[in-house]
Amino acid sequence: MKIGYSFWGFLGAGVTDTPDGGRSHRRTLIDGLREAGHDIVFLQTNRDLTEAGTDLRQTYRWDTGFPEIDALFLEWRWPIAGRNTTPCGAPGHTCDLHRQQQLVEHYTQHGLPTLLWDKDQQLSADDPLRGHSAVRVCEPALYPSQGAHSLLFPVADDTLDTVDPSELARGRRSWPLLYIGNQYGRDEAFGTYFAPAAAEHHHQVAGKWTDTDRWPHVHFIGRIPFTAVDPMYRDALATVLLLPPRYAANGQMTQRLFEAVLAGCLPLAPATIRGVERYVPADLHITSGQHATELISELRLTGTARHADLLAECLHHLKVFRLHHQLDVIDTLLSQSRRIPPRLPR
């Protein structure tokens, strides 16, 4: 099947495989679809080449037109004032929303099977696309919204099959506490769980955090390149899984969980996250900032063997993200959608 895939961002710019075989979740999914026999074409400009100078054209294809395809896969974009709601060519304008609308009008509205992956839960509950016969809405959540399907961020099967928790647990870790990720909607969780622990433990926070005055004791280091993520986790003992309320309510976990675990960093998970027991072992659930502080103190006294045991349990919980599970979901939904005869203009 030839799938037109639309996303906004980069496929491989600045991304290198980590020692355990990990890579960005998007590239893991794309490569998995290709290995499963699907032909993939990216339906937007090649930002890897034009903005980052990374030439991936020997491996992947981009097309800014409207090629003949069998299905459309959208990583859903939404209006962002001053960025993609401005006229094309305006300063600071990005064309993701404009391009998405073009694709929906050209393909989806004429009956082409469309998978809409609402990775940020930004598709409104009353959006007409939810009821469109050609569309299947997916969310990376255990408990997606009504009518949507669960499609989690993938982890490569061979990574989970070969990683050694004992090896991950070896070596000195300089930072008892680390968080990597952006602020967006995480203030409540950060103030409840991370900030109190940061008052007691050596730590750092990497990512885009613009409103930090209420936490003067927290060490924010700003944004980091993707290539720095794995080394930072490998030098940290624990992280806290911070989710916006809408994610926590639907059991939507970000890729930060498996990025940490695959680098040997233990994930502390607020017990209020719906379905948390499917993501993280009970010994790493936290109920308050004080609980997080005390648990990190205990983990600092934990030997390598106990660290490895906890990582083994975490790796077992990561099975829910296995790539082949996500590919099965995609194939099932596309099979359902193929019952709708496409009516593309000739």
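Tutor: A disulfide is a pair of cysteine sulfur atoms within 2.5 Å. Keep in mind that this is a predicted model, where local features need pLDDT of at least 70, side-chain atom pairs count only at pLDDT 80 or more, and totals for chains, interfaces and linings use all residues. Residues are numbered from 1 along each chain as its sequence is written, and side-chain values use heavy atoms, leaving out hydrogens and water.

Student: How many disulfides does a search of the whole structure find?

Tutor: The search finds 0 disulfides.

Student: How do you know that Cys265 is in no disulfide?

Tutor: The nearest cysteine sulfur belongs to Cys314 and is 9.7 Å away, while a disulfide needs the pair within 2.5 Å.

Student: Why is Cys265 called buried?

Tutor: Buried means under 20% relative accessible area, exposed over 50%, and partly exposed in between (1.4 Å probe, protein chains only). Cys265 has 0% relative accessibility, so Cys265 counts as buried. Cys138 is also buried, with a relative accessible area of 0%.

Student: What makes helix 6 oblique to helix 10?

Tutor: Helices (H or I, at least four residues) are DSSP runs, numbered from the N terminus. The axes, lines fitted to C-alpha atoms over the stretch in contact with angles from 0 to 180 degrees between N-to-C directions, come within 7 Å and cross at roughly 45 degrees. Angles under 35 degrees count as roughly parallel, over 145 as roughly antiparallel, 65 to 115 as roughly perpendicular and the rest as oblique. Therefore helix 6 is oblique to helix 10.

Student: Which residues meet there?

Tutor: With contact meaning heavy atoms within 4.5 Å, Thr192, Tyr193, Pro196 and Ala197 of helix 6 meet Gly289, Ala292, Thr293 and Ile296 of helix 10.

Note on methods: Helix = DSSP H or I, 4+ residues; strand = E, 2+ residues; numbered from the N terminus.
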